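Subject: Structure handover

Hello,

Here is the structure you will be working with. Please look through it once before reading the notes below it.

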Amino acid sequence: MDDKMDDPQIIFSMPKAELHAHLNGSLSQTTIKKLMDLKTSHQCEDVFQLQTMFATLSEDHNKTLDECFQVFKVIHQLTDSEQSIYIATVDVIKEFSEENVLYLELRTTPRAIDGSFETYVNAVIRAIDDCRKENVPILVKLLLSIDRSKGFDTAKKIVDLTISLGHTRNDVVVGLDVSGNMADSDITDYFPLLFKIKDAGLKLTVHTAEVRNDAEAEAILRLKPDRIGHGTFISPSLTGSSHLIHLLKETNIPVELCLTSNKVCQTVPSFKDHHWKIFFDHGIPFSICTDDKGVFSTSLSQEYLIVMRTFNLPLSLIWSFSLRSLDYTFATETEKIYLSKVWEEWEQNNTDNLQCHLSVKSRLFPRGLHRDLVPKLAVALWIPGGTSVVIVLHQFLKLTLSGTSRTLGAVEFYPIVYHTMP
Ligand SMILES: CNc1ncnc2c1ncn2[C@@H]1O[C@H](COP(=O)(O)O)[C@@H](O)[C@H]1O
């Protein structure tokens, strides 16, 4: 591996899309401090324990998912006014932008402010609008979340609000997320509401199999949301059934993968055992995400670095993951085209860094190609030593081998540029 491959600075500078970030879980220590300064001690005693809780979370990885949910309850005491929600949103957007996240799908669970969910959501939207006016270089979309532990009536209000804003502010509000503690409820109770979202033409993503519950995971996959979050126990290596992984493959639903979150919450034993590897091997579409960058002391660049280092992948492959995640965003087609151009510009300016072992300028395989073609053809061209070349039937061959570009008719070569997996 050449040293450029492991350079955190390149991952930091690479354009990235964040598709799974909970607003209140993404608050940095700086923002927490700012929001604590807005409080007086009698307003919120628990808040003063926050710093200790964060320190324990980042130092000691033996936390359960339930303990993480306790942290959110404390953070929520800090974001309980229009002003604090606005500050929190602006800060989170700017922090993602500072690490070259150019597309952000933020999700948040509306809570009543002065008795109104609208007030909460309007503060978030105002912050998004103001960042746009300030030309912060990031496209931000919003998903409203329902917390499945809060019951059907609350969820219904949030769904109605999502549908309403999905009409009036469809430039920002693109859909719904189902999150919260899986242990707290039966997901199928919420299905009538999720169908309403689908019928309204809005996007839907659902936290799925973050803890093991095969029946629920199957029900969600059959519902066919536009994306799912985590999918941890769908993986056979984590005692999920092979039936579920085949169903996921069949549905082709992209999965939002959050490595640090899963490791800290102990739903995966280590990064090496993370289901990223299984999903990648099965050709399941995925996007690398942070989940709660504040609570888990991470960043999107850090998550890409973890994948790169844990699985010994070259930069060109990591870059292709970032590029492909654009396909799974809830942006409009026009926005996706615009974003792809920005990504490709970065690729052109970084060709040296993206050179693979064969010195072949590459993209993993063309977007739009049915990925089922790839494994069959890859086998045919396996090169001992850990690198393989994929041939796909396509318009033209555009192969740059050791600096020479050639067109060879109706065949296109795309090298898979990763080392043999251990
Ligand atoms: C660790 N994995 C997770 N699994 C499930 N739900 C999670 C989560 N991380 C965060 N949330 C959900 O997001 C809320 C915090 O952000 P918002 O107040 O909505 O902005 C949490 O209360 C929880 O409902």
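The shell around the ligand divides into 5 nonpolar, 9 polar and 5 charged residues. In this division Ala, Val, Leu, Ile, Met, Phe, Trp, Tyr, Cys and Pro count as nonpolar, Asp, Glu, Lys and Arg as charged, and the others, Gly among them, as polar. The model is a predicted one: local features need pLDDT of at least 70 and side-chain atom pairs count only at pLDDT 80 or more, while totals for chains, interfaces and linings use all residues. Residues are numbered from 1 along each chain as its sequence is written, and side-chain values use heavy atoms, with hydrogens and water left out.

The ligand site

Which of the 19 residues around the ligand come nearest? They are His76, Thr108, Thr109, Glu210 and Asp292; a residue counts as near if one of its heavy atoms lies within 4 Å of the molecule. The elements that give two or more residues to this shell are helix H4 (65-76) and strand S2 (101-108). H4 gives the most, with 4 residues. Helices (H or I, at least four residues) and strands (E, at least two) are DSSP runs, numbered from the N terminus.

Accessible areas come from the Shrake-Rupley method with a 1.4 Å probe; for residues, only the protein chains shown count as cover.

Gly25 is in contact with Asp292, and also with Phe72, Lys293, Gly294 and Val295, leaving aside its neighbours within four places in sequence. Contact means heavy atoms within 4.5 Å. Gly25 sits in the loop between strand S1 (16-22) and helix H2 (29-37). It counts as buried because its relative accessibility is 1%; buried means under 20% relative accessible area, exposed over 50%, and partly exposed in between (1.4 Å probe, protein chains only). Gly25 and Phe69 are 44 residues apart along the chain, and their C-alpha atoms are separated by 9.9 Å.

The protein overall

The protein has 17 helices and 14 strands. Of its 422 residues, 57% are buried. Among contacts between residues at least 6 apart in sequence, 73% join residues at least 24 apart. The accessible surface comes to about 17500 Å², and 53% of it belongs to carbon and sulfur atoms.

The core

The largest nonpolar core has 120 residues, and those with the most contacts inside it are Leu142, Ile234, Trp276 and Phe321. The largest share of this core, 9 residues, comes from helix H6 (residues 117-133). A nonpolar core is a set of buried Ala, Val, Leu, Ile, Met, Phe, Trp, Tyr and Cys residues joined through side-chain atoms within 4.5 Å. Beyond its neighbours within four places in sequence, Phe321 is in contact with Trp276, Phe280, Phe286, Tyr304, Val307 and Leu313.

Trp319 is found in helix H14 (residues 315-325). Is Trp319 buried or exposed? At 0% relative accessibility, it counts as buried. Trp319 and Leu354 are 35 residues apart in sequence and 8.2 Å apart in space, C-alpha to C-alpha.

Other residues to look at

Asp91 lies in helix H5 (residues 82-98). Its relative accessible area is 12%, so Asp91 is buried. Leaving aside neighbours within four places in sequence, Asp91 is in contact with Thr31 and Lys34.

Most residues other than glycine have a negative phi. Asn100, which is not a glycine, has a positive phi of about 60 degrees. Asn100 is in the loop between H5 and S2 and counts as partly exposed, at 26% relative accessibility. Lys224 also has a positive phi, near 55 degrees. Lys224 is in the loop between helix H9 (214-223) and strand S6 (227-230), and at 48% relative accessibility it counts as partly exposed.

Regards
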